[in-house]
Every structure is written in structure tokens, then in C-alpha cells.
Amino acid sequence: MHIIKELRRKKGISQTEFAHAIGVSLRTVQLYERRDANIPNKNLKKIAQFFEMTIPELVIHEFHDPNDTYGKKKPYAKHGSVFYPLEHGKLLVMSPLVLMEQQKEYITRVKTGLVSQNAFETGFVMDSIDDELHMAFEITGNSMYDGTIDSIPNKSIVLGVEVDVKEFALENNGLFNKSYVLVCKDRIICKRITNYNFEKDVFQCSNLNKAPEFQDFELSGKDVLQIFRIARRQL
């Protein structure tokens with residue numbers, strides 16, 4: 001990423017000093033500062049933290065760098081999100097963000113069929129996109145945290161891609177045993193859907209955290225307004 005070189009120079013530090021700060025070799029920093037660099041996520045996070053940014057903010061700086069060639073690739077909007085084409089076929093997805101304090105307002109807008117007007121948004125780098133609605137949600141509580149790679153700790157931000165509720169009525173659709181954000185009539189929750197009873201219109205929901213206070217439960221389909229498949233997480 002060329003922007004790394006620009007940010008490093010603004011801080012007035014050498015490549016050697018920067019390499020020491022993020023725990024890599026000088027040669028690695030030299031490779032990272034190339035425009036076609038392929039940086040592992042763990043090191044990209046260290047770089048973003050060093051410059052007091054999030055990863056999306058770092059990518060946005062790269063995208064809007066007036067000296068680069070990204071201007072040839074025009075961003076486009078769909079369902080309230082903005083998609084920025086990046087190098088190597090990737091896209092930066094900037095989607096509306098529903099914070100915990102905004103849940104009731106968002107639910108009200110869904111009930112009335114209004115488009116989300118959230119003031120906040122956040123970004124995720126994706127390999128590809130779906131045509132459905134993309135929304136980002138703040139997840140609260142530790143019911144979906146068990147220390148595994150699939151965990152979603154308290155205060156995580158997830159990118160959700162809307163799934164048609166009717167699709168769960170189809171057999172062998174590969175939708176079960178995955179984590180979802182469920183927008184219900186009275187709350188927004190994050191759970192793993194393990195089954196769906198079409199005749200009763202009931203979802204079987206479970207938690208990753210198996211502590212006694214987190215019990216599996218059934219959720220009536222009549223109470224579910226939207227379902228979002230979790231495509232990306234910001235921990």
C-alpha cells in the first residue's frame with residue numbers, strides 16, 4: 001500500500017524504525033510499501049493501530065490518495081451501501097452501521113418500510129459482494145463468544161448480508177448452523193440458527209457460549225423482520 005509510505009514519512013520515521021515498531025523486517029516493510037502489496041490481516045491491523053486508524057480507514061486513505069490510480073475505478077451505490085473497487089478484484093464496502101443505541105429506531109424504520117438513514121457507517125474489505133442489502137451491526141453481550149475462531153465478542157461490529165426468510169423453508173440449502181443477525185419486532189440479536197420448522201414457522205436458535213445463563217431457544221418466525229448472514233467481523 002503506497003499510503004503506508006506517505007503516512008510513515010508524515011510521522012518522520014525511517015523504514016527501519018517502522019519495521020521495529022510493528023515487529024517485522026526491513027525487507028517486509030519495503031514490500032508492504034509497494035502498491036500491489038499483499039499484507040496479512042494480522043500485520044495490517046498492527047499498521048492501522050500504529051497510525052491510530054482502523055483497517056477500513058487505512059484502506060480509504062489508500063483509495064483517496066490523489067497520486068494513485070484508483071480514481072479510474074469509480075465507486076457505486078446499492079441498497080444504501082457504497083462499494084469501492086480496489087486492487088486484485090477486492091471491494092471496500094461502506095455500509096450503514098446500527099449501534100446498540102440505534103436498534104429501536106432501526107426496527108421502527110423496518111416496520112414502516114423506510115430506508116435506513118443511519119448517520120454512522122463502517123467499512124469492510126470483501127472479495128466479492130452479493131446483490132442483497134448490506135448492513136453493519138454492533139453486537140452486544142457474550143452469548144456468541146466461546147474463544148473459537150467463530151466467536152463474536154461483546155461490542156464486535158459485523159457486516160450482515162440479508163437473507164430471504166423464505167429460504168429457510170427449503171431443504172439442504174446450507175443455511176443452518178451459521179451465525180446470523182436477527183432483526184425482531186422488539187430487539188436485534190445475534191444467534192446461530194440450527195433448524196427451522198416450516199409447519200410451525202419456528203427458528204431454533206443457539207449460542208456459541210455454553211455457559212448456563214445462555215440457553216438455546218425457539219423463535220417464532222412471526223417475530224422476525226429481517227435476517228442477515230454474517231459476512232465479516234470487526235473484533
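**Exercise 1. Work out whether Asn 209 is buried or exposed, and what its side chain reaches.**

Step 1: start with accessibility. Asn 209 has a relative accessible area of 16%. The cut-offs are under 20% for buried, over 50% for exposed and partly exposed in between, using a 1.4 Å probe and protein chains only. So Asn 209 counts as buried.

A word on the model before you go on: this is a predicted model, where local features need pLDDT of at least 70, side-chain atom pairs count only at pLDDT 80 or more, and totals for chains, interfaces and linings use all residues. Residues are numbered from 1 along each chain as its sequence is written, and side-chain values use heavy atoms, with hydrogens and water left out.

Step 2: Asn 209 sits in the loop between β9 (202-206) and β10 (217-220). Helices (H or I, at least four residues) and strands (E, at least two) are DSSP runs, numbered from the N terminus.

Step 3: look for a polar contact, meaning a pair of N or O atoms within 3.5 Å; within protein, one must be able to donate a hydrogen and the other to accept it, and residues adjacent in sequence count only if both atoms are side-chain atoms. The side chain of Asn 209 finds the backbone oxygen of Asn 142 at 3.0 Å.

Step 4: list the neighbours, with contact meaning heavy atoms within 4.5 Å. Leaving out residues up to four places away in sequence, Asn 209 touches Asn 142, Ser 143, Tyr 145, Asp 146 and Phe 214.

**Exercise 2. Find the strands that pair with β6, and say why β6 is largely enclosed.**

Step 1: two strands pair if DSSP finds at least two bridges between them. Strand β5 (residues 134-139) pairs with β6 in the antiparallel sense over six bridges, and Met 135 stands opposite Gly 160 in β6.

Step 2: turn to strand β11 (residues 224-234). Seven bridges join β11 to β6, and the two run antiparallel. Here Ile 157 faces Gln 234 in β11.

Step 3: check burial. Seven of the eight residues of β6 (residues 156-163) are buried, so the strand is largely enclosed by the rest of the structure.

**Exercise 3. Describe the surroundings of Lys 178.**

Step 1: Lys 178 belongs to strand β7 (residues 178-184). Its relative accessible area is 38%, so Lys 178 is partly exposed.

Step 2: a polar atom of the Lys 178 side chain lies 3.0 Å from the backbone oxygen of Gly 174.

Step 3: not counting residues up to four places away in sequence, Lys 178 touches Lys 191, Arg 192 and Ile 193. Thr 194 is 16 residues from Lys 178 in sequence, with the two C-alpha atoms 7.4 Å apart in space.

**Exercise 4. Count the aromatic pairs, then follow the rings around Phe 50.**

Step 1: rings of Phe, Tyr and Trp (its six-membered ring) pair if their centres lie within 6.5 Å; planes under 30 degrees apart are stacked, over 60 edge-to-face and the rest tilted. By that rule you get 10 aromatic pairs.

Step 2: take Phe 18 and Phe 50, an edge-to-face pair at 5.2 Å centre to centre with 65 degrees between the planes. This pair links distant parts of the chain, with Phe 18 in helix α2 (residues 15-22) and Phe 50 in helix α4 (residues 41-50), 32 residues apart. Phe 18 is buried at 1% relative accessibility, whereas Phe 50 is partly exposed at 25%.

Step 3: Phe 50 also pairs edge-to-face with Phe 51, at 5.1 Å centre to centre and 85 degrees between the planes. Phe 51 is buried, with a relative accessible area of 9%.

Step 4: check for a charge over the ring (NZ of Lys or CZ of Arg within 6 Å of the ring centre and within 35 degrees of the ring normal). The charged end of Lys 11 sits over the Phe 50 ring, 5.4 Å from its centre.
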